[in-house]
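Work through the exercises below with the sequence and the model at hand. Each task is followed by a solution in steps.

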Amino acid sequence: MSALTDYEGMLAAIKMGDEPPAEEPARQQWYMKKAGELVKEKSLSLGRPLRAMVKTFGCQMNERDSEKLRGILDAAGYELTEEEEADFVIYNTCTVRENANLKVYGRLGYLGGLKKKNPDMVIALCGCMMQEPEVVEKIRRSYSFVDLIFGTHNIYKFAELLVTALENDRMILDIWKDTDKIVEELPASRTYAFKSGVNIMFGCNNFCSYCIVPYVRGRERSRRPEDIIREIEGLVKDGVVEVMLLGQNVNSYGKNLPEPVTFARLLKQVEEIPGLERIRFMTSHPKDLSDELIEVMAESKKICPHLHLPLQSGSSRILKIMNRRYTKEQYLALTEKMREKMPDISLTTDIIVGFPGETEEDFQETLDVVRKVRYDSAFTFIYSRRTGTPAAVMENQVPEDVVKDRFDRLLALVQQIGKERSARFLGQTLPVLVEQVNSQDASLVTGRLASNLVVHFPGDASLIGKTVDVTLEECRGFYYMGYRAR
Ligand code: SAH
Ligand code: SF4
Ligand code: F3S
């Protein structure tokens with residue numbers, strides 16, 4: 001984890017008056033210091049440091065939020081751990097599909113057992129699941145040992161909520177329906193020293209008919225370009241060479257700013273930051289992907305030649321009911337244009353199988369797009385009914401055995417094509433950004449090509465965060481074995 005030295009200095013300078021300041025981020029900084037005092041007191045009385053763990057479910061947006069939670073816990077003086085045997089445990093939850101939800105309930109039972117052994121333990125829940133009233137009701141009823149619950153809109157207030165939870169024995173609940181607020185300048189503790197996610201926008205306005213994200217993440221809000229650039233410049237100074245710009249639909253970035261900016265223009269500004277080597281982004285919605293973006297990507301030295309472009313379904317009929325606002329033909333035309341301008345680009349996607357009313361013919365259209373586009377990889381999902389979304393009340397839900405059969409056929413095709421595509425760099429020497437020592441063989445390191453493919457090659461920890469040329473000697477399905485070029 002990266003250090004937070006700047007933040008320690010800043011907190012040391014804060015004067016603790018009787019009342020916390022009203023404005024942000026000063027108010028949260030005041031509460032971080034207050035939390036620090038409480039943690040220190042407790043730690044002295046126990047005669048050991050206090051430990052905290054943050055567990056993330058869900059997407060990269062949640063991963064990034066968790067880094068911010070860790071930043072605040074670190075600033076408050078907790079030792080961060082990966083284990084649930086800790087003094088403060090927070091689950092940052094996801095509800096995009098039902099199984100994400102079930103996992104959290106499963107783990108909660110286990111946490112309750114731990115709390116019996118350590119009655120001082122504080123258990124907190126936050127994230128997308130907590131924006132659903134029936135979830136919160138269930139937790140209040142069946143998991144009353146939970147100390148703190150908050151949602152996605154007030155996560156910036158975590159320091160304040162932490163202090164309230166530490167000072168009170170009752171369950172603290174604070175959930176907002178929506179917000180238009182973006183609070184800048186709060187700390188984050190990164191999982192990797194050399195790469196980082198950067199939020200460029202929050203929320204989603206698209207309301208795809210199967211999807212719960214707009215209901216739990218609220219309306220689309222973009223950060224100002226100058227705030228994004230300042231954050232990335234700070235990250236680069238701190239050793240970051242790769243950023244992943246994050247949003248549910250990055251292609252509509254900046255449309256609602258007082259001075260509108262396009263995503264392509266933002267990318268050009270990010271590209272100019274000296275010392276930054278690689279730029280990635282996710283997720284792109286096909287309906288908003290502009291020619292300007294394709295141009296900027298094609299000309300760029302830093303934007304990785306990789307586009308994650310969720311298809312969801314290959315059937316124009318289903319796409320319409322999904323409210324995706326593009327047709328099969330428009331999607332195919334887009335990918336052809338991308339391949340024309342960037343022949344080597346990696347294309348990846350998300351596909352849902354078993355959306356209400358999906359017929360075998362509709363499914364065949366999806367297989368047809370997969371064969372035509374030839375994705376490098378694809379995330380395939382079984383449709384999951386989410387309460388409150390339009391699709392959940394559609395009548396013709398597809399039987400489970402039919403969905404399972406389609407899912408298996410799709411997966412087999414996606415994997416076969418993915419393997420063939422992955423092998424296309426065999427024998428070439430390409431730059432690899434080293435991420436870690438190989439978890440199975442300590443004589444190897446593991447890194448990624450610009451296309452996002454994984455490469456293992458002989459090396460040691462001194463290479464982590466460095467970009468080195470590697471000859472790709474052998475392709476094993478979805479990854480390469482290689483050796484360092486001289
Ligand atoms: N904003 C992104 C995706 C966010 S959710 C986009 O529009 O592409 C990530 C993926 O989860 C989606 O692309 C979709 O394939 C899948 N997903 C969302 N809701 C789902 C549901 N109800 N059932 C199954 N998969 C779902
Ligand atoms: Fe969900 Fe659609 Fe928004 Fe993506 S664009 S988060 S799939 S509603
Ligand atoms: Fe899940 Fe929320 Fe992300 S529902 S996919 S964690 S935005």
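**Exercise 1.** How much space lies in the largest cavity? Work on the predicted model, then list the lining and sort it by class.

*Solution.*
- Step 1: the search over the whole structure returns one cavity of 30 Å³ or more.
- Step 2: the space in the largest cavity comes to about 40 Å³.
- Step 3: its lining consists of Met61, Met201, Phe202, Gly203, Arg217 and Gln248.
- Step 4: by class, this lining has three nonpolar, two polar and one charged residues.

**Exercise 2.** Which residues surround ligand 3, and how do they divide by class?

*Solution.*
- Step 1: with a cut-off of within 4 Å between heavy atoms and the ligand, the shell holds Cys59, Asn62, Cys94, Thr95, Val96, Cys128, Arg217 and Gln248.
- Step 2: four of these residues are nonpolar, three polar and one charged. Cys counts as nonpolar here.
- Step 3: compare with the cavity. Arg217 and Gln248 surround ligand 3 and also line the largest cavity.

**Exercise 3.** Which residues form the shell around ligand 2?

*Solution.*
- Step 1: the shell is made of Cys204, Asn206, Phe207, Cys208, Tyr210, Cys211, Val213, Pro214, Gln248, His285 and Arg324.
- Step 2: sorting gives seven nonpolar, three polar and one charged.
- Step 3: Gln248 belongs to the shell of ligand 2 and to that of ligand 3.

**Exercise 4.** Where does UniProt place the MTTase N-terminal domain, and what is its helix and strand content?

*Solution.*
- Step 1: the unreviewed UniProt entry puts this domain at residues 50–167.
- Step 2: over that stretch the chain is 47% helix and 19% strand.
- Step 3: the C-alpha atoms at its ends are 16 Å apart.

Notes
Residues are numbered from 1 along each chain as its sequence is written. Chains are lettered from A and ligands numbered from 1 in the order in which they are written. This is a predicted model: local features need pLDDT of at least 70, side-chain atom pairs count only at pLDDT 80 or more; totals for chains, interfaces and linings use all residues. Side-chain values use heavy atoms; hydrogens and water are left out. UniProt positions are given in the numbering used here, feature names are shortened, and annotations may be inferred rather than shown by experiment. Helices (H or I, at least four residues) and strands (E, at least two) are DSSP runs, numbered from the N terminus. On a 1 Å grid over the protein atoms alone, a cavity is a set of points where a 1.4 Å probe fits but cannot get out, and a pocket is an open set with protein on both sides within 12 Å along at least five of seven lines; lining residues have an atom within 4 Å of a point. Grid points are joined across faces, edges and corners, and a volume is the space filled by probe spheres set on the points.
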